[in-house]
Amino acid sequence: MNASPARHSRITGTGSLLPAHRVTNADLAARLAADGIQTSDDWIMERTGIRARHFVAPGVQTSDIAVAAARHALEAAGRKSEDIDLVIVATSTPDMVFPSTACIVQRKLGIHGGAAFDVQAVCTGFVYALALADSMIRTGLATKALVIGAEIFSRILDFKDRTTCVLFGDGAGAVVLEASDTPGVLASELHADGRHVDILCVPGQVAAGQVTGDPFVRMDGQAVFKLAVGVLDSVSRAVLAKAGRSAESVHWMVPHQANIRIMHSAARRLGVPAERLVVTVDEHGNTSAASIPLALDTAVRAGRIKPGQSVLLQGVGGGFTWGAVLLDF
Ligand code: ACO
């Protein structure tokens with residue numbers, strides 16, 4: 001008896017949504033100055049590589065921008081909502097405590113049936129979600145998945161804390177991942193170390209009818225920086241080894257867009273030339289779980305990432321969590 005061919009998963013379409021309202025470093029500096037807080041375009045550019053970020057309008061929900069990104073991805077894949085049997089949304093800024101933003105997205109897209117759930121791994125969320133969708137497709141639990149990263153971080157920023165509020169933005173990115181006879185996703189690596197919960201967190205909660213604790217992003221920037229550089233290097237080497245590929249074979253590196261210095265350092269350590277690094281942090285800021293799919297879609301639509309090319313996605317963020325997915329696009 002012949003064994004049935006191995007089942008793989010492959011990205012067939014990408015999409016994204018960047019809110020129209022662009023906030024430059026100068027805009028932000030003026031806003032902070034009104035509260036007597038000093039920052040500058042020079043400081044932000046030099047330390048982070050961020051020139052601008054985008055914020056949603058009041059009333060817009062995470063599911064709204066997730067749906068817009070998903071529609072673009074479906075169109076690119078030549079698929080309709082009803083073809084989808086799995087929706088995963090990676091987000092730390094859900095519409096509600098529950099149900100999941102994925103279920104709200106499912107309703108807004110008119111998808112009935114299949115599974116829908118959120119993944120909470122902060123800035124590594126999209127990498128976790130993609131690895132999970134790949135596993136579910138390969139094991140036959142799903143056939144065509146929408147994998148989305150969507151965030152409205154502007155609502156959890158403390159605009160009196162200049163060490164965090166200059167770093168983040170809002171946005172959404174999505175891919176359609178489908179069962180395939182030929183491999184798209186080649187290998188994944190996921191990790192977490194809960195000993196580092198405190199260095200990057202929003203330590204509030206809803207309890208007894210009100211928000212208790214602190215509902216804003218808090219971060220030890222230097223501790224995050226040091227950890228991020230080390231784990232991005234080790235996880236990238238691990239995923240390449242798992243797939244039997246070399247760093248030289250990587251056409252594009254699409255890292256989490258947190259800080260240009262972290263990204264350049266990760267590429268340099270791995271031996272990937274800077275021109276193969278997809279950079280959108282300058283215009284998007286750090287959009288947490290949305291940053292990788294937003295960067296991926298931007299590079300695909302610009303004609304930089306082409307079918308058949310090898311792409312290394314790298315995530316790192318609160319938890320501490322980190323991971324990588326290596327794929328042939
Ligand atoms: N404008 C002007 N000055 C500032 C600002 C600001 N927005 N923020 C901090 N400063 C000041 C500090 O108060 C400090 O002043 P002092 O020397 O008088 O005390 C000085 O700048 C230097 O501060 P550092 O924290 O040492 O600056 P550093 O070079 O470490 O840069 C940064 C800070 C950009 C946050 C950096 O540590 C970093 O990028 N860390 C990684 C964190 C990150 O990327 N987080 C994103 C989320 S995590 C993730 O996605 C993985």
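Predicted model: local features only at pLDDT ≥ 70, side-chain atom pairs only at ≥ 80, totals over all residues.

Visitor: How many aromatic pairs does a search of the whole structure find?
Guide: The search finds 2 aromatic pairs. In one of them, the ring centres of Phe55 and Phe159 are 6.1 Å apart and the planes stand at 75°, so this pair is edge-to-face.

Visitor: Where do Phe55 and Phe159 lie?
Guide: Phe55 belongs to strand S3 (residues 52-55), while Phe159 is in the loop between strand S6 (144-152) and helix H6 (162-165). The pair therefore ties together parts that are 104 residues apart in sequence. Phe55 counts as buried because its relative accessibility is 7%.

Visitor: And why is the pair of Phe153 and Phe168 stacked?
Guide: The planes of Phe153 and Phe168 are at 25°, with the ring centres 5.0 Å apart, so the pair is stacked. A stacked pair needs planes under 30 degrees apart. Phe153 sits in the loop between S6 and H6, and Phe168 in the loop between H6 and strand S7 (170-180). The two are 15 residues apart, and the pair links distant parts of the chain.

Visitor: Is Phe168 buried or exposed?
Guide: Phe168 is buried, with a relative accessible area of 3%. Phe153 counts as buried as well, at 4% relative accessibility.

Visitor: Back to Phe159: which residue lies over its face?
Guide: That residue is Arg31, at 3.7 Å from the ring centre of Phe159.

Visitor: A new topic, then. How many residues are in the largest nonpolar core?
Guide: The largest nonpolar core has 45 residues, and Met253 and Leu312 have the most contacts inside it. Elements that each supply at least two of its residues include helix H1 (25-33), helix H8 (260-270) and strand S14 (310-317). Helix H7 gives the most, with 8 residues.

Visitor: Where does this core lie relative to the domains?
Guide: Domain 1 (8-180) and domain 2 (185-328) both give residues to the core, so it lies between them.

Visitor: What is Met253 in contact with?
Guide: Leaving aside neighbours within four places in sequence, the contacts of Met253 include Met263, Leu270, Arg276, Val278, Leu312 and Gln314.

Visitor: Which residues does the second core include?
Guide: The second core is separate and has 36 residues, among them Ala131, Val278, Leu296 and Phe329.

Note on methods
Residues numbered from 1 in each chain as written. Heavy atoms only, no water. Phe/Tyr/Trp six-rings, centres within 6.5 Å; stacked < 30°, edge-to-face > 60°. Helix = DSSP H or I, 4+ residues; strand = E, 2+ residues; numbered from the N terminus. Buried < 20%, exposed > 50% of the residue type's maximum accessible area, 1.4 Å probe, protein only. Lys NZ or Arg CZ within 6 Å of the ring centre and 35° of its normal. Core = buried A, V, L, I, M, F, W, Y, C linked by side-chain atoms within 4.5 Å. Domains from an automatic or database assignment. Contact = heavy atoms within 4.5 Å.
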